[in-house]
Amino acid sequence: MARTRQSDARSRRIGLILFAACMVVAVPTLIVLFSIAGKSSSPWFGQYDPDTHHAYNFSLTDQDGKTVRLVDLRGDAVLLAFGFTRCPNICPTTLGNLAAVYRKLPPAAQERTKVVFISVDERDTPASMKEYVPFFNDRFIGLTGAPADIGTTARAYGAFFRKADAVGSDKDDYMIDHSTYAHLIDPEGNLRVLYRFEQLPETEKITDDVLRVLGTQAPGKQP
Amino acid sequence: MNKFLFLLLLSPGLSLAEDLKIEDPWIRAVPPSSKATAAFMTLVNKTDKPVLVTSGTCPIAGEIRPMVTTKQADGVMGMAFVESFSVPAHGSRVLEPGGDHIMLMKLKEVPKAGAIVPLVLATESGGEKGHVRLDLPVR
């Protein structure tokens, strides 16, 4: 009787140890598996920021001379990129891709999406932006501002720029090296998704991200 | 006679233009205020020697130079002029948007989408100068 109770207790103890050992192995394995599954099924194409950071509220001038602040665009998704109008290769590629993203949005979503191009070139003016930005899409917004405001805005978005070599003999005809990321800001004004330059040609996937921040999921696509 | 002509046509080095084959060339349509644009293409070298593309001439541009795109890890991109694009022997080199390109500067006329623009590329191979004539669609 005493022996049976003892062996019962022992087998219970062995059972507990086995159970604990299983948990030690199984729990981390499951956590790892779930996190891998979670990562691969992330619906976002760009680099998604799950934390809520208000994007810097710039106040700059558009191509029609009107002041545009980011808070004025609340309720809309904002695609934002930095560049300059004399940029012959990078900026036309970026804006061409953003124009394709915009074209692929249904009309109702286009109404709620703003594409904003901020010049980091002190030579740019509302007039030069008006000749440049509408070429890609006449609803795009091209912003210029005082060098100090442009500098503060660029820094706030982690964008970098510097004057580079002159193109020819004219020293005022210089290029500007600059960051090539594009930001997607949600309708509440939070930085949500960051795209690398190489990702921008995948316009359909970016269109899906825009629809996702607008809360108007593309039909047949699960978040 | 026919056989002789055929062999002559096959003989290497007969035509400089055949040294460098150009695939899918095009010029980017840019806003009307632009002072520069870029030409893109794939350069294919069929020969045993590297071929250099050094410059070019084009009726709409005052100056034409090869340009490379530089990129840092933090996403900062820039551009730099180079003396030439070298296309390795039996190799190729892609000039594409956001990457290396033939820069057309001092535009006398801004190319419009749908137009065709002639371009002559200056080449060099083993010290010998040559050229390739192209007609590029604007898009």
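The legends below describe close-up views of a predicted model with two chains, A and B.

Local features are given only where pLDDT is at least 70 and side-chain atom pairs only at pLDDT 80 or more, while totals for chains, interfaces and linings use all residues. Residues are numbered from 1 along each chain as its sequence is written, and chains are lettered from A and ligands numbered from 1 in the order in which they are written.

**View 1. The two chains and their elements.**
Chain A has 6 helices and 10 strands, and chain B has 1 helix and 10 strands. Helices (H or I, at least four residues) and strands (E, at least two) are DSSP runs, numbered from the N terminus. Of the 223 residues of chain A, 39% are buried; of the 139 residues of chain B, 32% are buried. A residue is buried if 20 or more other C-beta atoms lie within 10 Å of its own, exposed if 12 or fewer, and partly exposed in between, with C-beta atoms placed from the backbone. Two residues are in contact if their C-beta atoms, placed from the backbone, lie within 7 Å. Among contacts between residues at least 6 apart in sequence, 66% in chain A join residues at least 24 apart, and the figure for chain B is 68%.

**View 2. Where chain A touches chain B.**
Contacts link 23 residues of chain A with 23 residues of chain B. On the chain A side, α2 (90–104), α4 (126–136), β7 (161–166) and β8 (174–179) each supply at least two residues. That side of chain A divides into 11 nonpolar, 7 polar and 5 charged residues. Here Ala, Val, Leu, Ile, Met, Phe, Trp, Tyr, Cys and Pro count as nonpolar, Asp, Glu, Lys and Arg as charged, and the others, Gly among them, as polar. Strand β8(A) is joined by 2 bridges to β5 (residues 76–81) of chain B, and the two run antiparallel. Two strands pair if DSSP finds at least two bridges between them. Ser179(A) stands opposite Val76(B) in β5(B).

**View 3. Helix α2 of chain A.**
This helix has 15 residues and spans 22 Å from its first C-alpha to its last, close to the 21 Å expected at 1.5 Å a residue. The expected span is 1.5 Å times one less than the number of residues. Among the buried residues of α2(A) are Ile90(A), Cys91(A), Leu95(A), Leu98(A), Val101(A) and Tyr102(A).

**View 4. The nonpolar core around Ala39(B).**
The largest nonpolar core has 82 residues, and those with the most contacts inside it are Ala39(B) and Leu104(B). Such a core is a set of buried Ala, Val, Leu, Ile, Met, Phe, Trp, Tyr and Cys residues joined through C-beta atoms within 7 Å. Neighbours within four places in sequence aside, the contacts of Ala39(B) are Pro25(B), Ile27(B), His101(B), Ile102(B), Leu104(B), Leu119(B) and Leu136(B).

**View 5. An open sheet in chain B.**
Four strands, in the order β6-β3-β9-β10, form an open sheet with antiparallel pairing. β6 (85–87) and β10 (128–137) of chain B are at the edges with a single partner strand each, so one side of each has no neighbour in the sheet. From one strand to the next the twist averages 35 degrees, taken between N-to-C directions of lines fitted to C-alpha atoms, with angles running from 0 to 180 degrees. Strand β3 (residues 51–57) of chain B pairs with β6(B) over 3 bridges, and Val51(B) has Val87(B) as its bridge partner.

**View 6. Strands β4, β5 and β8 of chain B.**
Strand β4 (residues 61–71) pairs antiparallel with β8 (residues 101–107) over 6 bridges, with Arg65(B) opposite Met103(B). β4(B) also pairs antiparallel with β5(B), over 5 bridges, and Thr70(B) stands opposite Gly78(B). β4(B) and β5(B) form a hairpin with 4 residues between them, where Gly75(B) in the turn has a positive phi of about 85 degrees. Ala73(B) lies in the loop between these strands and is exposed, with 5 other C-beta atoms within 10 Å.

**View 7. Two residues of chain B with positive phi.**
Most residues other than glycine have a negative phi. His90(B), not a glycine, has a positive phi of about 50 degrees; His90(B) lies in the loop between β6 and β7 (92–95) of chain B. Lys106(B), also not a glycine, has a positive phi of about 50 degrees and is found in strand β8 of chain B. His90(B) counts as exposed, with 12 C-beta neighbours inside 10 Å, and Lys106(B) as partly exposed, with 15 other C-beta atoms within 10 Å.
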